[in-house]
Amino acid sequence: NYDSYEKYDVSVILRSPVNEQEAITWIQNNVPGVDPNQIEGYIYTEVLINKGIGIPVPAPLQLFYEKSTLRSYHIIKGHERQNTNDVLLGRRLAKHLDVQPGDKVTLFSFGNYSLEVTVAGITGELMDNSIFWSIDALRSLSFDFLGIGATTNVTGFVFNYASALSKEQKEVVKNQIQDHFPTIYLYIESDDAIETLRRMLEVFMEILLLIGLLGLVALSLFT
């Protein structure tokens, strides 16, 4: 879904939160390869989630802005979020929890907070075990649910390049950002992610072809 839904060139996930405006301002002023108007804060963390009295399970929680120009969602069931406490679930996580659009689930942060939310829709994401919420909704709460100072802080950002960059130029951008943000957990190039997915699909198709050929051989031997 990267072409249509992950509209950014790079996503950066940090091990610890940073002040969003300070981070964006530094990138705008110091990394010329990045489009200064195409940078957005992003929050990625882990929470626990359950339905009813079920045992809570860990799941990634991803938060973008409501009106993000760099991210949308591939909703395959239900609808887009409409209220503060609406979330989207990846289909694999929804299947594991036996959840349908309209169901209530509870999120537990590792700061001992809990929050009941409604599943508005189910997505068909590449990483479809995630919970998708919004930074706007998180900041509207009367308490710091994630314990990261979420009114001003984020745990990552996404951005687009200012123009088509060579591999060497992209490496310069990466090194500049890594030098300034030493707590980087993941630095993901969308093009690399697409290429990895393509290779995985090719390997999968080759395996299916091999299984088919082995099946034909077995059929000829025993008939």
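These legends describe close-up views of a predicted model.

View 1. N153 lies in strand β9, which spans residues 153–161. N153 is buried, because its relative accessible area is 17% and the cut-off for buried is under 20%. Its side chain reaches the backbone oxygen of I148, at 2.9 Å. Beyond its neighbours within four places in sequence, N153 is in contact with P17, V18, N19, E20, I43, R139 and I148.

**View 2. The ring pair of W26 and F181.** The whole structure holds 8 aromatic pairs. In one of them, the ring centres of W26 and F181 are 5.9 Å apart. Their planes stand at 90°, so the pair is edge-to-face. W26 sits in helix α1 (residues 20–30). F181 sits in the loop between α4 (167–180) and β10 (184–189). The pair therefore ties together parts that are 155 residues apart in sequence. F181 is buried, with a relative accessible area of 6%.

**View 3. A cluster of rings.** Y113, W133, F143 and F145 are linked into a cluster by ring pairs. W133 also belongs to the largest nonpolar core.

**View 4. The largest nonpolar core.** This core has 49 residues. I49, L89, I131, W133 and F159 touch the most other members. Strand β2 (residues 34–50) gives the most to the core, with 5 residues. Setting aside neighbours within four places in sequence, I49 is in contact with I55, P56, V57, A59, L89, L93, L97, V105, T106, L107 and I131.

**View 5. A second core.** A separate core has 10 residues. Among them are Y8, I13, L70 and V158.

Key: Residues are numbered from 1 along each chain as its sequence is written. This is a predicted model: local features need pLDDT of at least 70, side-chain atom pairs count only at pLDDT 80 or more; totals for chains, interfaces and linings use all residues. Side-chain values use heavy atoms; hydrogens and water are left out. Helices (H or I, at least four residues) and strands (E, at least two) are DSSP runs, numbered from the N terminus. Buried means under 20% relative accessible area, exposed over 50%, partly exposed in between (1.4 Å probe, protein chains only). A polar contact is a pair of N or O atoms within 3.5 Å; within protein, one must be able to donate a hydrogen and the other to accept it, and residues adjacent in sequence count only if both atoms are side-chain atoms. Contact means heavy atoms within 4.5 Å. Rings of Phe, Tyr and Trp (its six-membered ring) pair if their centres lie within 6.5 Å; planes under 30 degrees apart count as stacked, over 60 as edge-to-face and the rest as tilted. A nonpolar core is a set of buried Ala, Val, Leu, Ile, Met, Phe, Trp, Tyr and Cys residues joined through side-chain atoms within 4.5 Å.
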